[in-house]
Amino acid sequence: MFDTAPTGHTLRLLSLPQAWSSFVETSTTGTSCLGPLAGLQDQQALYQASVAVLADPTRTTLFLVSRPENTALREAERTRLELCELGVANQRLILNGLFQAIRSDDPVAMAFARRGREALDTMAAGLDQLPRLEVRLSSRALIGVPALRAMFKGDIHDAGSTVISPGVWPMPPSLRQLVDDLERDGKGVIMTMGKGGVGKTTVAAAIAVELARRGHSVRLTTTDPAAHVGWSMVDPPPGLSVGRIAAAEETAHYRREVMTAVGESLDESGRALLEEDLRSPCTEEVALFRAFARTVAEGQDGFVILDTAPTGHTILLLDAALAYHREVSRQASGVPDSVRDLLPRLRDPAFTRIVLVALPEATPVHEAARLQADLARANLRPFAWVINQTLAPLTTTDPILRRRQANERRYIDEVTGTHADRVVLVPWLSEPPVGGAGLRALLDTD
């Protein structure tokens with residue numbers, strides 16, 4: 001039973017056996033970026049066997065898990081297609097958090113149910129045709145063995161949970177106030193970080209739209225191989241450019257750059273060896289890291305909003321920054337300025353502002369807290385936390401939603417009391433935050 005990393009990291013992991021098998025089969029030099037090929041050749045049978053096991057429907061079943069939300073379902077469909085291309089076709093769909101309103105006179109509950117229905121009604125046909133398991137929205141945190149057993153029995157509502165009264169709790173400020181603070185220096189890098197599925201892309205897009213609306217030059221991009229910032233940004237305002245660090249394009253660009261810089265001084269045999277080395281799967285990692293450093297450097301001339309990959313992938317990226325910094329500090333030349341200056345720029349609180357995004361739930365909050373501790377070891381400090389999609393400020397009479405409000409407040413209190421000095425709250429919205437109007441609604445919640 002594997003609980004895999006979020007989409008982009010998992011697809012990269014599943015593609016590596018095929019990539020290395022292909023490289024080993026075509027290599028003529030006997031070496032690779034990981035050392036002599038003899039060691040890799042010894043593992044080639046294992047690579048091929050792993051691919052065979054994943055493709056064997058009698059041995060491997062892969063469950064795509066999604067909430068009934070448009071962006072989550074679109075990512076699940078993209079994952080389904082890429083897995084099929086890798087030969088992993090035995091797939092199932094788990095729809096988590098399905099909700100049905102009990103009373104028709106509760107506008108929040110009715111909107112919550114409607115958003116879920118509309119997302120399911122418009123899901124891709126290929127995803128809709130997968131065998132499906134549906135799990136209802138729980139009124140309590142599914143933590144601990146008793147809660148997990150109750151979920152499998154269908155008993156996911158805790159009648160003993162505290163029901164809170166609205167309007168008796170001091171709320172953290174809104175996202176608009178955070179943008180006011182981020183805007184003061186007039187340029188720099190803003191990085192949204194956190195667990196997959198917490199809304200980092202949406203928060204990044206909302207910040208980018210507001211800064212562009214205020215007249216700034218803004219670039220919105222992502223380091224997440226699975227993210228599509230364009231899904232939220234259907235009508236970017238003037239001054240805002242939207243893109244992504246694409247693996248294939250960056251790798252091809254890096255290969256051309258190396259061949260131009262180094263290959264011209266080599267003979268035909270040397271060029272052939274260099275071209276072969278650049279076909280190694282390691283080349284993609286180097287190319288993406290250099291693209292990340294180049295993108296961060298653009299914060300000298302305006303705002304760069306970086307929607308980062310989920311936590312694990314982001315930590316690997318920052319670890320690479322530390323390793324590269326140690327290495328380039330010993331070199332006098334041959335390293336781009338953007339790479340040499342990357343770590344100092346990330347550590348400069350006047351240049352880089354890190355925004356941790358979490359849902360008001362146990363796992364997202366605790367994973368963000370661990371990420372904050374990892375950042376501290378690299379001398380990086382978050383600028384603020386954003387608690388996203390919270391029901392806490394809303395008024396509802398639905399018993400499930402009200403018990404969820406009680407559960408949410410304990411985690412919001414944990415963040416404000418233990419983890420962060422600057423915290424903002426983004427309420428759950430009755431309409432999906434897509435497009436300029438939808439993203440601006442995230443800010444207009446005072």
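These legends cover close-up views of a predicted model. Local features need pLDDT of at least 70, side-chain atom pairs count only at pLDDT 80 or more, and totals for chains, interfaces and linings use all residues. Residues are numbered from 1 along each chain as its sequence is written, and side-chain values use heavy atoms, without hydrogens and water.

**View A. An open sheet of seven strands with parallel pairing.** The strand order is S8-S7-S9-S6-S10-S11-S12. Strands S8 (240-242) and S12 (423-427) are the edges, each pairing on one side only. Strands are DSSP runs (E, at least two residues), as are helices (H or I, at least four), numbered from the N terminus. Two strands pair if DSSP finds at least two bridges between them.

**View B. Strands S10 and S11 run parallel.** Five bridges join S10 (residues 352-358) to S11 (residues 382-390). Ala358 has Ile387 as its bridge partner in S11.

**View C. An aromatic pair, Phe99 and Phe112.** The ring centres lie 5.2 Å apart and the planes meet at 75 degrees, so the pair is edge-to-face. Rings of Phe, Tyr and Trp (its six-membered ring) pair with centres within 6.5 Å; planes under 30 degrees apart are stacked, over 60 edge-to-face, the rest tilted. Phe99 sits in the loop between strand S4 (91-98) and helix H4 (107-121), Phe112 in H4. Both residues are buried (under 20% relative accessible area; exposed is over 50%, partly exposed in between; 1.4 Å probe, protein chains only). Ring pairs link Phe99, Phe112 and Trp428 into a cluster.

**View D. Arg422 over the ring of Phe383.** The charged end of Arg422 is 4.0 Å from the ring centre. A charge counts as over a ring if NZ of Lys or CZ of Arg is within 6 Å of the ring centre and within 35 degrees of the ring normal.
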